[in-house]
Amino acid sequence: MATQTAIRPESNQTLEQKIQRVRELYATGPAIGKSALETLLREMKSGTSRREPATRMSSAGRIGSTQGKVSELLLIAPFAPGGAERLRALLELRNGDFSDTDRVGTVHDMRFLFLDNDTKLLFATAYDGDWDPYIDDFATKIPDGLDVLFSVCDGWPGIRSPAIKDWIVKHQIPAVGWYVAYPDLTVRDILRLKRVGKAVDEFLDQIS
Amino acid sequence: MTDLTSKPSSVPALETSDIQATVLRPRPKPYLGEYLLLRIGDAEQGREMLRRMIPHVAPADGWWAPSLPGWLGIAFTFEGLKALGVPQASLDSFPIEFRQGMAARAAILHDFGANAPANWESPFGTPDVHVALAIYAQNEPNLRRVLELAHQARHDLPQISVVYRMQFGELPEGRNPFGFKDGLHNPDVEGSGPASEAAVKAGEFLLGYPDEKGETATVPVPLELRRNGSFVAIRKFHMDVAGFRRYLRAQASSPADEELIAAKMVGRWRSGAPLVLAPERDDPQLGSDPERNNAFSYADDMQGLKCPFSAHIRRINPRDALKDEVVAVNLHYFLRRGTNYGPPLPAGVLEDDGAERGGVFLLIGAHLQRQFEFVQSQWATDGNFISHGTEQDPLIGNNEGEGVFTIPKKPARRRLHGVPRFVTVRGGEYCFMPGLRALRWLAALDSSST
């Protein structure tokens, strides 16, 4: 692993300013955070725990972030009346089985959280590329899979509606911070590498 | 028109007398012609030119009887519609990608490096391109006749300037510069010809008809402007024929292997014979038979052993190859009106002669974003949809000498490395190609009322 310093020469000044600002802000907080910050800053300066990131956060579509090939989408939307109960029952029925999502081939994960006494849904996912280009494909090929989940939200126009992109963007909250261990690998890449790895192991088993 | 009235009532009859021939009609054979780009410096002069030109704009009716000597097609960029004095409410109603223009969409279209708009021929990608004219003819005298008509329409209008012109024409045997028979496949537009099960809803290509989603366009406004109109992505490509030949020579073990690699890249042999039907060797009879050279599917080749997943024609028109994926192929069709330009590179020549040669494509549909832009960004310049990582189209991908091309094979796939950029974008524009009544609506606009 390359152990380059995380401090890039061209951004020295702004980085110093940023460090100064973080120090000032942490000084107003608890001592435990302040001393932890100093440890982190020492490590960043020495470069022992940091490397130049392979990717930096950039924007995904109209809103949201991308790291390499992976994008994040998080939305918080109020439940429609009875929506929380319906979704909870549906998720219990599914019991973690979302194998129908495998077909999409670009979804890394999905999570559903119920906020504020079951009044709001928080939905978060990591996926490959942009969703914009595929929205019409989803609406054509898997409309029920999406409508059954999100019709529990207030004002969900339906995946086939021309208003769908605006609804998503309206409720989307872009991440301020986000880590991806494998920004260069899509779901399809990972599945392919699994197949290749298995084949290589079998080959090695045979010749050993 | 009788064959239209005999269709099932659910198929709306196309107003072929109002639709431009360029949208529905295949190029003549043989063909030659000229593309012109015009700038409108004054709205009233622009409308006067349009008034004079409209009688010569070819409608698509009778398009199944290919007997016209030549025709004129006309389309406008967003800047062009502005220059004509189209009302602001109407301008604002156009889709965002059209308003931005092709150059501004470079990041989505993967137009980086040599393909970047900064490297395009002038005036492509600048606000000076307002009107695109496509003039097709079957021979030189006919072309001159149509060109003269176009010239008459603007000769005394000093604010109308020709900012670009180029000739195009057919190469020997109807091949493209790389040596392949081309223009072999286009989607069937429902209602435009003989009934066909494979027909695609007219609304995918023309505004004013139901599309594959069951929707009928409501923009741009007003109806008079959008009815029977289409969007056109114009792309001018340079083709590095010598580089293509050198790459084949370097990668192949024999002349027969060169031909095989070339066919694997395209998905067809040079004759046009599809690999799926002729996996081992070229079959010129098959290639020249229009009844058979498109009658194939990928159902028996789901491993890509005949036609690679990455082959050009399988990417651009996947037919049934993606039927198990969450992709609605019928939302990503467009009509391709391609023409070639420049002299052929003589057979066997491996060094570039410096001549400009390539193709100009008019990619026509009702939805630039989910048609041209989708195919370009998801299928031509990426490989994820076929689990090929970042592998691009071997022929038209934006490969910078680091491209990879995967050929499925038993027991192990063959992979070519160092694929260069064979096709370079020389320029492009997004245009709106209105119906004939819409052209008259444009010509009758009055600046004082806007």
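In chain A, residues 24 or more positions apart account for 65% of the contacts with a separation of 6 or more. Keep in mind that this is a predicted model.

Let me stay with chain A. Chain A has seven helices and five strands. Starting at the N terminus, the order of elements is α-α-β-β-β-α-β-β-α-α-α-α. How much of chain A counts as buried? Of its 208 residues, 18%.

Now the domains of chain A. The assignment gives domain 1 as 9–46 and domain 2 as 58–171. Their centres, taken over C-alpha atoms, are separated by 37 Å.

One residue to look at: A:Pro157. Where does A:Pro157 lie? A:Pro157 sits in the loop between helix 5 (143–150) and helix 6 (164–171) of chain A. Why does A:Pro157 count as partly exposed? Because A:Pro157 has 15 C-beta neighbours inside 10 Å, and the partly exposed class falls between the buried cut-off of 20 or more and the exposed cut-off of 12 or fewer. What does A:Pro157 touch, leaving out residues up to four places away in sequence? The partners are A:Ala163, A:Ile164 and A:Trp167. Then there is A:Asp147. A:Asp147 and A:Pro157 are ten residues apart in sequence. In space, C-alpha to C-alpha, A:Pro157 and A:Asp147 are 9.1 Å apart.

Next, the contact between the chains. Chain A puts in 16 residues and chain B puts in 13 residues. On the chain A side, helix 4 (135–141) and helix 7 (187–207) each supply at least two residues. Which element gives the largest share of that side? Helix 4 of chain A, with five residues. By class, the side of chain A that touches chain B has eight charged, four polar and four nonpolar residues.

Over to chain B. Here the domains are written in pieces. Domain 1 of chain B is 2–236 + 429–449, and domain 2 of chain B is 239–330 + 362–425. The C-alpha centres of these two domains of chain B lie 28 Å apart. Their contact takes 39 residues from domain 1 of chain B and 30 residues from domain 2 of chain B.

Look at the domain 1 side of that contact. Helix 2 (21–24), helix 6 (96–100), helix 7 (106–109) and strand 5 (230–239) of chain B each supply at least two residues. Strand 5 of chain B has the largest share, six residues. By class, the side of domain 1 of chain B that touches domain 2 of chain B has 23 nonpolar residues, eight polar and eight charged.

Last item: a helix pair in chain B. Packed helices are described by two values, the angle between their axes and the distance between the axes. Take helix 10 (residues 241–251) and helix 11 (residues 255–266) of chain B. Their axes come within 9 Å and cross at roughly 120 degrees. Helix 10 and helix 11 of chain B are therefore oblique to each other, since 65 to 115 degrees is the range for roughly perpendicular and over 145 is roughly antiparallel. The crossing of helix 10 past helix 11 of chain B is right-handed.

Which residues make that contact? From helix 10 of chain B, B:Leu248, B:Arg249 and B:Gln251. From helix 11 of chain B, B:Glu258, B:Ile261 and B:Ala262. Sorted by class, this helix contact has three nonpolar, one polar and two charged residues.

Definitions and conventions:
Residues numbered from 1 in each chain as written. Chains lettered and ligands numbered in written order. Predicted model: local features only at pLDDT ≥ 70, side-chain atom pairs only at ≥ 80, totals over all residues. Contact = placed C-beta atoms within 7 Å. Helix = DSSP H or I, 4+ residues; strand = E, 2+ residues; numbered from the N terminus. Nonpolar A, V, L, I, M, F, W, Y, C, P; charged D, E, K, R; others polar. Axes fitted to C-alpha atoms, helices over the stretch in contact; angles between N-to-C directions. Parallel < 35°, antiparallel > 145°, perpendicular 65-115°, else oblique. Left-handed = near helix turned anticlockwise from the far one by under 90°. Domains from an automatic or database assignment.
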